[in-house]
Amino acid sequence: EEATAPAPVRPVLSMVVEPGLAGGAAIVGTVQPQFKTDLGFRVLGRLIARPVNVGDMVEKDQIVASVDPAALELAVRSAAAAVSSAQAQLTNATGAEGRQRALLETDATSRATFETAEQARAAAQASVVQAQANLTKAREQLGYARLKADFAGVVTAVGAEVGQVVSPGQSVVTVARPDIREAVVDVSEDTAASLHIGEAFTVSLQLDPAIKADGRVREIAPQADQVTRTRRV
């Protein structure tokens, strides 16, 4: 009988598998300031000055932009004139009331005439209060012509140029606090579900991984983004 050659032995590659730590993946993100504010005017006006640009450091209460105050100054003058007119009317009404009171004591006038003079004096006094309130409001509006920084920080964005008409609430300058920063990453739903507030993680610089910092999860977005379907951490 003819002998047959034995079949070659099939090689087997073995690998020892061990469970890894959960959440050990590297996720790319950005470092952003935790607190930043979009500064805008409370009044409508034409921007006449914006002495700061992106990257400039600003101090607290520093003027970062100004609008043309001409119309607001005219409003203050008009309100001041209204106060003077109301005070003059109050003086005349007070004098008329005094005269009617003296005549009433000698029965030279009627009670109805005296009450009319008294009501006129009360109305004039209320007009003075209203005019003074309008003057205070006009002066406050004049103060809104200058935009000031609420805190010391760095300018990260500008939203209007000199000569442009800005609306109330429109973002003109964005100021961020550089002293408090946070790492912002967008993760999938599964990864976000495995995280919890206070969990520790490590932040490393992408260009130089040797530069590292320790951090903890502060906030997890409760809802995923409609476009990317990721949740911000």
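Where do E97 and R101 lie, and how many residues apart are they? Both sit in helix 1, four residues apart, which is about one turn of the helix. This is a predicted model, where local features need pLDDT of at least 70, side-chain atom pairs count only at pLDDT 80 or more, and totals for chains, interfaces and linings use all residues. Residues are numbered from 1 along each chain as its sequence is written, and side-chain values use heavy atoms, with hydrogens and water left out.

**Overall build**

- You'll find three helices and 13 strands in the protein chain; these are DSSP runs numbered from the N terminus, with helices (H or I) of at least four residues and strands (E) of at least two.
- The radius of gyration of the protein chain is 37 Å, whereas a compact globule of 233 residues would come in near 17 Å. That radius is taken over C-alpha atoms, and the globule rule is 2.2 Å times the number of residues to the power 0.38.
- Take the contacts in the protein chain between residues at least 6 apart in sequence: 68% of them join residues at least 24 apart. A contact here means heavy atoms within 4.5 Å.

**Surface and charge**

- Of the 233 residues in the protein chain, 24% are buried. Buried means under 20% relative accessible area, exposed means over 50%, and partly exposed is in between (1.4 Å probe, protein chains only).
- The protein chain has an accessible surface of about 16,500 Å², and carbon and sulfur atoms account for 54% of that. Areas come from the Shrake-Rupley method with a 1.4 Å probe.
- On the charge side, the protein chain carries 23 positive and 27 negative side chains, with the centres of the two sets 10 Å apart. Lys and Arg count as positive and Asp and Glu as negative, leaving out His and the chain ends; each charge is placed at NZ of Lys, CZ of Arg, CG of Asp or CD of Glu.

**Salt bridges around E97**

- The salt-bridge count is nine, going by a side-chain nitrogen of Lys or Arg within 4 Å of a carboxyl oxygen of Asp or Glu.
- E97 pairs with R101 at 3.2 Å, N to O.
- E97 also bridges to R121, with the closest N and O atoms 2.8 Å apart. Since E97 is in helix 1 and R121 in helix 2, this pair ties together parts 24 residues apart in sequence.
- Together, E97, R101 and R121 make up a network of salt bridges.
- E97 and R121 are both buried, with E97 at a relative accessible area of 7%; R101 is partly exposed at 39%.

**The R50–E161 bridge**

- R50 and E161 join their side chains in another salt bridge, at 3.1 Å, N to O. The two are 111 residues apart and link distant parts of the chain: R50 is in the loop between strand 3 (45-49) and strand 4, and E161 in the loop between strand 7 (153-158) and strand 8 (165-166).
- R50 counts as buried because its relative accessibility is 13%, while E161, at 46%, is partly exposed.

**Positive phi in two loops**

- Most residues other than glycine have a negative phi.
- D61 has a positive phi, near 65 degrees, and sits in the loop between strand 4 (57-58) and strand 5 (63-67).
- D107 also has a positive phi, near 60 degrees. Its place is the loop between helix 1 (70-105) and helix 2 (111-143), and D107 counts as exposed because its relative accessibility is 69%.
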